[in-house]
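Hi,

Here is the structure I promised to pass on. Have a look at it first, and then read my notes below.

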Amino acid sequence: MLSVEQAQAEILGRVRALPTERVDVLASLGRVLAEPIRSTRRIPPWPNSSMDGYAVRAADARPSATLRVVDRVIAGSLPTRAVGAGEAVRIFTGAPLPDGADAVVPQEDVDARDGVIALRGTVAPGAFVRPAGEDVREGDLVLEPGRPIGAAEIGILATLGRTQVTVGRRPRVAVLSTGNELADLGTEPTAAQIPNANTYSLMAQIVEAGGLPLNLGVAPDRLDAIAERIARGTEADMLVSSAGVSVGELDLVREALVNAGADLHLWKVDMRPGKPITFGSLAGKPVFGLPGNPVSAMVTFELFVRPMLLAMQGRRGAARPIVRATALTPIVNRGSRRGYLRVVLEARNGRWSARLTGDQGSGILRSMVEADGLAVLQGDTSVATGGEVEVMVLREVRT
Ligand code: AMP
Ligand code: MG
């Protein structure tokens, strides 16, 4: 039996990053940067004032000294002259500091009258001056490839004048659900059917991981029907199927994948939920056969498919945060496998607490609806109320 980490390492060992593409800067939000961003600019380009006030020479600024105001400089214009001995220049936030000045006195700290200011105290050199290049210097490596692009990255890219940026291409992921019992969305389940959940939860997880889902629909448990979907799926960069991968007579997904030429591994992974997972490659592309139970499909996607999708986009160092939380209910992991138990997380007064979402059955999709995270417990362990448990955080939580 493989540990989750061993299975993840095997999977990530086979990642091939997709080609890159150039996109408009705002469209890069949520994508993975694929080029080093070096600055060709100095930001700010010149020392400037961080306050409305007066640019002065700190050496002149003794308490009760008076200085003559000889110029006025606003943001968006340049000083017309330097500040000489006994002089000050009226200045506003963001305006370039005149030559000769090395400090700014905020306007509320002076008495101004008839073109003369009287100071009330001393002024430290550099006070209220933002030095040139304090944010970015020319030649700085500002953003490294492999980083996800968020709002701050987009702000920096705009600052550097980048209208476009190179990012990893979004992986196209074919999604297949299998089972005679499945009625797809838009059709009313017959007496012997259940609604297809996995196609939609998995496509949503793909979108959340930066991918583009391709819906292959539902295949009945027949080799020819599954084979036809798999053939269509090879157009994509990855194929993810759910159900039909156990050892039952109607579990035909593995056979269909092998018939199509896939090289497959079946792993028993030390985890629950999640039966053995199937992973392999078909025409050089990764294929996953996830378990059919809706919770198992989502949790195995989270642990195995998502990291691969991120890596295909060039993402480096991606991991869900793990926090230590106080158990508000007993959290019991029955059986010898490592448990991933669905918990509601709360962050109060800087501390995390966790309670089980309720019944942990792998068919209970509402437990995933409730879950902010997955408590990770080794086999046959339990945490009493008030005890500490490690939780993998899946989303923003209530405060
Ligand atoms: P299987 O691995 O095919 O035995 O499926 C395991 C369980 O998951 C069965 O109870 C199936 O009915 C259920 N299941 C399989 N696929 C889906 C799906 N797409 N949506 C909801 N439930 C499913
Ligand atoms: Mg089935």
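Which residues are buried in α4? They are A225, I226, R229, I230 and G233, where buried means under 20% relative accessible area, exposed over 50% and partly exposed in between, with a 1.4 Å probe and protein chains only. Helices (H or I, at least four residues) and strands (E, at least two) are DSSP runs, numbered from the N terminus. The buried residues of α4 fall within an arc of 135° when you look down its axis, so they line one face of the helix; that arc is taken from the directions from the helix axis to the C-beta atoms. An α-helix has 3.6 residues a turn, so residues three or four places apart point the same way.

What do the buried residues of α4 pack against? The partners are β13, β16 (212-219), β17, α5 (253-259) and β19 (277-282), with contact meaning heavy atoms within 4.5 Å.

Before you go on, a word on the source. This is a predicted model, in which local features need pLDDT of at least 70 and side-chain atom pairs count only at pLDDT 80 or more, while totals for chains, interfaces and linings use all residues. Residues are numbered from 1 along each chain as its sequence is written, chains are lettered from A and ligands numbered from 1 in the order in which they are written, and side-chain values use heavy atoms, with hydrogens and water left out.

Now the charged pairs. Searching the whole structure turns up 22 salt bridges, each being a side-chain nitrogen of Lys or Arg within 4 Å of a carboxyl oxygen of Asp or Glu.

One of them joins R172 to D237, with the closest N and O atoms 3.4 Å apart. R172 sits in strand β13 (residues 172-178) and D237 in the loop between α4 (223-233) and β17 (238-242), so this pair ties together parts 65 residues apart in sequence. D237 is buried at 7% relative accessibility, whereas R172 is partly exposed at 36%.

Another salt bridge links E390 and R324, at 3.6 Å between the closest N and O atoms. Here strand β27 (residues 388-393) holds E390 and strand β21 (residues 322-327) holds R324, so the pair ties together parts 66 residues apart in sequence. E390 is partly exposed at 36%, and R324 is exposed at 51%. Elsewhere, R68, R81 and E87 are joined into one network by salt bridges that share partners.

Finally, D60 and R57 meet through their side chains in a salt bridge of 3.7 Å, N to O. D60 is buried at 14% and R57 partly exposed at 28%.

Cheers
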